[in-house]
Amino acid sequence: MELSPEPAAAAALDMPQSQEDDGPLTGDGDYDSLPPDVSVATHMTAGAVAGILEHTVMYPVDSVKTRMQSLQPDPNAQYRSVYGALKRIIRTEGVFRPLRGLNITMMGAGPAHALYFACYERVKRSLSDVIQSGGNSHLANGLAGSVATVLHDAVMNPAEVVKQRMQMYNSPYRGLWDCVQTITRTEGMGAFYRSYSMQLTMNIPFQAVHFITYELMQEQLNPHRHYHPGSHIVSGAAAGAISAAITTPLDVCKTLLNTQENVALNSMKISGHLTGMANTFRTVYRLGGMAAFFKGVQARIIYQMPSTAIAWSVYEFFKYFLTKQ
């Protein structure tokens, strides 16, 4: 999915011209959350661009993470480090192999993140008005992040299923549409939402911790809420790392639900398809004990830190740029 500059320009034209062209934007009313009457298109444009960049820049590391979370990997797909995994995948499977599934990720990330950030800004403003008379509220930030996640995951979950099936070692699918058609034909449409409850169970605490950490660090590093790229990058990276580490066990379970890893399920004598959160937790524990819940944690943190730093810095830049217009 490609984003053209037209939506950004259109969003900019919808904005009030009350700001002066010269001088930095400061204060909560000017830049931090955009003016109350700014168009939803502004939030959606900023969110879509941020989301696509977040998912694409570090995508090869995400591919490694999916493989490292395999509970019974092929001997040729057992990796000790992210760098070693990438090196071996490129050497044995080709330079473009770590990018397999990127197309469906971009197709899902644009609209999913557009809804996500637009919802977050609107809900945060509404709840802050109620909870703290318009001031910054950590509770409002966490609740807004959680509500936004429900919308985001409804759009992104099918893309995640296809992406992870294509990332796995010895993936049997020829390409994106072959994967979609095969899953639909053999498992039904429900397969694309088999992990939705797990995704929400993971992402709601992930995003709540993520937004609270980000806003908390912004209070320390950027208390006047100026546009300050360095603070956005550091706050975003810290928020991503902490959230990723805390929710890795749920991510391992989500990967098993999405990939339906045949070797692991056959070894447990599970016929048909694995479903349900409780069943998934039990299966992961039986296959690898407590350590299995933290498979791929290193890759997950390495992926999330720059990804969330990029997402927040791009999003804050767009807010600043569009407000300045």
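Guide: Start with threonine 56, which sits in helix 3, residues 40–57. Helices here are DSSP runs of H or I with at least four residues, strands are E runs of at least two, and both are numbered from the N terminus. The model is predicted, so local features need pLDDT of at least 70 and side-chain atom pairs count only at pLDDT 80 or more, while totals for chains, interfaces and linings use all residues. Residues are numbered from 1 along each chain as its sequence is written, and side-chain values use heavy atoms, with hydrogens and water left out.

Threonine 56 has a relative accessible area of 18%, so it is buried. Buried means under 20%, exposed over 50%, and partly exposed in between, using a 1.4 Å probe and protein chains only. Leaving out residues up to four places away in sequence, threonine 56 touches Leu102 and Met106. A contact means heavy atoms within 4.5 Å.

Now move to helix 6, which holds alanine 109. The relative accessible area of alanine 109 is 0%, so this residue is buried. With residues up to four places away in sequence not counted, alanine 109 touches Gly51, Ile52, His55 and Met156. Alanine 109 and glycine 47 are 62 residues apart in sequence, yet 9.4 Å apart in space, C-alpha to C-alpha.

Next come the partners of helix 6. Two packed helices are described by the angle between their axes and the distance between the axes. Axes are lines fitted to C-alpha atoms, for helices over the stretch in contact, and angles run from 0 to 180 degrees between N-to-C directions.

Helix 6 (residues 102–132) packs on helix 7 (residues 138–167) at about 165 degrees, with the axes 7 Å apart. Helix 6 is therefore roughly antiparallel to helix 7. Angles over 145 degrees count as roughly antiparallel, under 35 as roughly parallel, 65 to 115 as roughly perpendicular, and the rest as oblique. The crossing of helix 6 and helix 7 is right-handed. Right-handed means that the near helix is turned clockwise from the far one by less than a right angle; anticlockwise is left-handed. The residues of this contact divide into 22 nonpolar, eight polar and two charged. Ala, Val, Leu, Ile, Met, Phe, Trp, Tyr, Cys and Pro count as nonpolar, Asp, Glu, Lys and Arg as charged, and the others, Gly among them, as polar.

Helix 6 also meets helix 9 (residues 196–221), where the axes come within 14 Å and cross at roughly 65 degrees. That crossing is right-handed. Helix 6 supplies Tyr116, Tyr120 and Lys124, and helix 9 supplies Gln207, His210, Phe211 and Glu215. The residues of this contact are three nonpolar, two polar and two charged.

Follow helix 9 onwards. The loop between helix 9 and helix 10 (229–259) contains arginine 225. Most residues other than glycine have a negative phi. Arginine 225 has a positive phi, near 55 degrees. Its relative accessibility is 7%, so arginine 225 counts as buried.

To finish, the whole chain. It has 13 helices and zero strands. Buried residues make up 54% of its 325 residues. Among contacts with a separation of 6 or more, 78% join residues 24 or more positions apart.
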